[in-house]
Amino acid sequence: MSKLRHAGTAPLVIISMLLLCAARHSARSEEHALLAAKPARTSCQRAAFRVVVDVGHTVEVPGALSARGVPEYSFNLRLADEVTQALVDAGFDKTVRLITATAPWPGLVERAARANSMHADLFISIHHDSVPDYLIETWDYEGQQHQFSDRFEGYAIFISNDNADRKGSLEFGGLLGKELQARGLRYTSHYTLPVMGKHRHELVDADAGVYRYDQLMVLRQTRMPAVLLEAGSIVNRQEELQLASPDRRALVSAAVAAAVEHFCASHSRPSSDRHVKRPSSPIAATPSGHADSASLAR
Ligand SMILES: [Zn+2]
């Protein structure tokens with residue numbers, strides 16, 4: 001009885017195995033066809049590409065205050081959390097959200113040093129914008145006096161020509177600006193206006209909204225492509241409400257993830273080749289010349 005049973009099942013097992021092998025082979029062929037159809041994706045090793053998402057400022061030195069009195073740090077933290085999650089969801093598993101409790105200056109040096117020691121491939125510092133003190137007005141909100149300026153709105157991206165990979169920084173800044181604009185956002189051009197005085201900056205990519213700000217510590221001391229994103233103006237009463245909304249955070253996070261995907265795809269070299277040396281050629285001076293310590297603390 002048992003012998004017969006074995007004799008009867010053996011051919012069935014062999015047939016099942018053959019069918020399984022055939023199914024696997026066909027699935028693998030489909031997989032190969034899919035991979036071949038997406039060359040950009042295969043050239044980007046997402047799981048090996050490390051992005052550092054820097055949360056601008058600290059709990060104790062929280063940056064600007066919004067038009068309704070909310071510290072910039074809390075905007076930065078919430079957005080950086082969502083940007084980090086969007087990157088991990090897109091397969092960039094090595095993404096690190098960087099927070100430091102150390103106040104500037106040591107804190108800024110520490111951020112760059114940590115990104116360098118992690119051998120990050122890309123550094124993105126998340127901030128929200130304000131205006132110089134001389135442009136601030138006051139208003140009453142919920143029985144309290146707050147400071148605001150509705151003059152300017154929109155995002156701004158900064159790069160430093162002192163960064164070790166200024167070409168990569170400019171390239172990523174351009175990609176990020178284009179992805180933000182593809183989602184309906186506009187950059188602020190006020191950094192080019194005379195009213196900004198010493199806070200003026202050279203617009204190095206007028207399509208994408210990328211400015212040059214050589215002195216920013218986290219950009220000049222990092223050895224990988226680095227940008228600082230001002231996601232919008234929290235002293236603008238209308239834009240503050242948008243920036244506080246989940247929709248706007250989702251939109252910016254999606255734009256960052258898409259820009260990182262494009263950037264990673266075009267930088268498929270091994271990471272050991274990616275960290276280039278400081279440029280040796282002289283660079284034209286920025287119109288702002290120098291910046292105040294409050295701005296540098298970004
Ligand atoms: Zn800031």
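Helices (H or I, at least four residues) and strands (E, at least two) are DSSP runs, numbered from the N terminus. This is a predicted model: local features need pLDDT of at least 70, side-chain atom pairs count only at pLDDT 80 or more, and totals for chains, interfaces and linings use all residues. Residues are numbered from 1 along each chain as its sequence is written.

**Faces of helix 4**

- Leu108, Arg111, Ala112 and Ala115 are buried (20 or more other C-beta atoms within 10 Å of the residue's own, with C-beta atoms placed from the backbone).
- Seen down the helix axis, the buried residues fall within an arc of 90° (taken from the directions from the axis to the C-beta atoms), so they line one face of helix 4.
- An α-helix has 3.6 residues a turn, so residues three or four places apart point the same way.
- Pro106 and Ser117, on the other side of helix 4, are exposed (12 or fewer such atoms).

**Surroundings of helix 4**

- The buried residues of helix 4 pack against strand 1 (51–55), strand 2 (96–98), strand 3 (122–129) and helix 6 (217–220).
- His119 follows helix 4 and has a positive phi, near 50°.

**Val109**

- Val109 lies in helix 4 and is partly exposed (between the two cut-offs), with 15 other C-beta atoms within 10 Å.
- Leaving aside neighbours within four places in sequence, Val109 is in contact (C-beta atoms, placed from the backbone, within 7 Å) with Met217 and Gln221.
- Val109 and Met217 are 108 residues apart in sequence, and their C-alpha atoms are 6.9 Å apart in space.

How values were computed: Contact = placed C-beta atoms within 7 Å.
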